[in-house]
Amino acid sequence: MSGLVTGDAVVLEVQPARLPSRALAVLIDLVAVWAVYLLLTLGLAVATASLDEAAVMAVSIASFLLVLVGAPIAVETLTHGRSLGKLACGLRVVRDDGGPIRFRHALVRGAMGVVEILMTFGVVACVASLVSERGRRLGDVFAGTLVVRERIPAARVVAVPPPPPWLVGRFGGLDLSAVPEGLWLEIRQYLTRSRELDPVVGRRLAERLADELVTRTGTPPPAGVPADAYLAGVVAERQARDARRAFGRGAGTASGATAAAMTAAPVASPPVVAPPAVAPAVGPSAVGPSAVAPPGAGPAAPSTGFAPPA
């Protein structure tokens with residue numbers, strides 16, 4: 001991988017294209033261009049049969065420059081650095097800052113390509129690409145461009161083997177804050193490839209990594225624990241801590257949001273409904289016998305609540 005610094009001071013990690021893939025892309029481009037040039041030459045030979053020798057020579061030079069020089073420049077300009085061969089090989093021409101190329105970049109590359117590819121049969125381009133750290137030919141150096149790989153094969157993901165069951169949970173008190181990421185990467189790479197290594201070499205590598213891990217943590221491994229098992233147990237402990245930290249943060253956030261919602265919206269007490277007032281019943285049972293006057297009698301005397309003497 002190579003770092004390209006953009007105009008915003010951002011470092012882009014890209015993989016420069018090397019000589020084999022670039023040579024294959026150039027070969028595909030040359031086959032396509034020469035096929036077009038031969039077809040055009042045959043057509044012009046028929047069309048210019050009645051012209052003199054000077055006119056035929058002028059047409060031939062013009063067709064050569066148009067097809068073998070102008071066509072690659074036009075294609076790279078219009079496709080932003082993707083010719084037919086580069087598209088087939090997963091390559092692309094970019095500027096030194098990682099941006100797409102323009103006409104001037106394609107023009108310089110095409111003009112230098114006539115010298116270092118067509119006139120010298122690619123010898124100069126091959127030598128320059130082998131000498132350059134990022135595989136650039138002279139046209140890339142003068143144009144300020146770089147050919148990079150667009151299709152990078154995905155790395156095969158291999159899971160870290162689990163530690164022995166009797167070591168699970170025994171490293172909960174280790175302080176892993178001082179262990180750098182580079183050491184974690186080395187340990188994971190060793191654990192995923194330990195079966196492919198020679199037993200003696202693998203044991204020495206495990207002991208070296210275990211010593212570095214002990215130096216960072218300040219705690220020696222338990223007695224009788226092999227170095228590879230110790231590394232696997234510590235890696236499993238770190239993965240468990242990361243999982244607890246991730247899930248614990250999510251649970252804390254959810255509980256905090258729920259508490260905030262309950263505080264912001266208090267529960268209202270149900271309204272108290274008074275029982276409906278019942279009107280007193282009016283009828284014969286509600287009044288005394290003296291309150292009922294016989295027919296034809298005058299107005300009843302008011303009741304005093306005392307019975308008359310017999």
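The expected span of a helix is 1.5 Å times one less than its number of residues. Helices (H or I, at least four residues) and strands (E, at least two) are DSSP runs, numbered from the N terminus. The model is predicted: local features need pLDDT of at least 70, side-chain atom pairs count only at pLDDT 80 or more, and totals for chains, interfaces and linings use all residues. Residues are numbered from 1 along each chain as its sequence is written, and side-chain values use heavy atoms, with hydrogens and water left out.

**View A. Helix α4 and its kink.** Helix α4 covers residues 103–119, and its 17 residues should span 24 Å at 1.5 Å a residue; the end C-alpha atoms lie 23 Å apart, so the two values agree. A kink of about 40 degrees is centred on Gly-113; the bend at a residue is the angle between axes fitted to the seven residues ending there and the seven starting there. Gly-113 is also one of the buried residues of α4, including His-105, Arg-109 and Ile-117. Here buried means under 20% relative accessible area, exposed over 50%, and partly exposed in between (1.4 Å probe, protein chains only). Phe-121, which follows α4, has a positive phi, near 55 degrees.

**View B. Strand β3 and its partner β4.** Five of the five residues of β3 (residues 91–95) are buried. Leu-91, Val-93 and Arg-95 are on one side of the strand, with Arg-92 and Val-94 on the other. β3 pairs with β4 (residues 145–149) in the antiparallel sense, over five bridges; two strands pair if DSSP finds at least two bridges between them.

**View C. Arg-238 in helix α9.** Arg-238 belongs to α9, residues 227–264. The side chains of Arg-238 and Glu-181 are joined by a polar contact of 2.7 Å. A polar contact is a pair of N or O atoms within 3.5 Å; within protein, one must be able to donate a hydrogen and the other to accept it, and residues adjacent in sequence count only if both atoms are side-chain atoms. Beyond its neighbours within four places in sequence, Arg-238 is in contact (heavy atoms within 4.5 Å) with Leu-176, Glu-181, Trp-184 and Arg-188.

**View D. Val-235 in helix α9.** Val-235 lies in α9 and is buried, with a relative accessible area of 4%. Not counting residues up to four places away in sequence, Val-235 touches Val-160, Trp-184, Ile-187 and Leu-191. The C-alpha atoms of Val-235 and Pro-161 are 9.7 Å apart, although 74 residues separate them along the chain.
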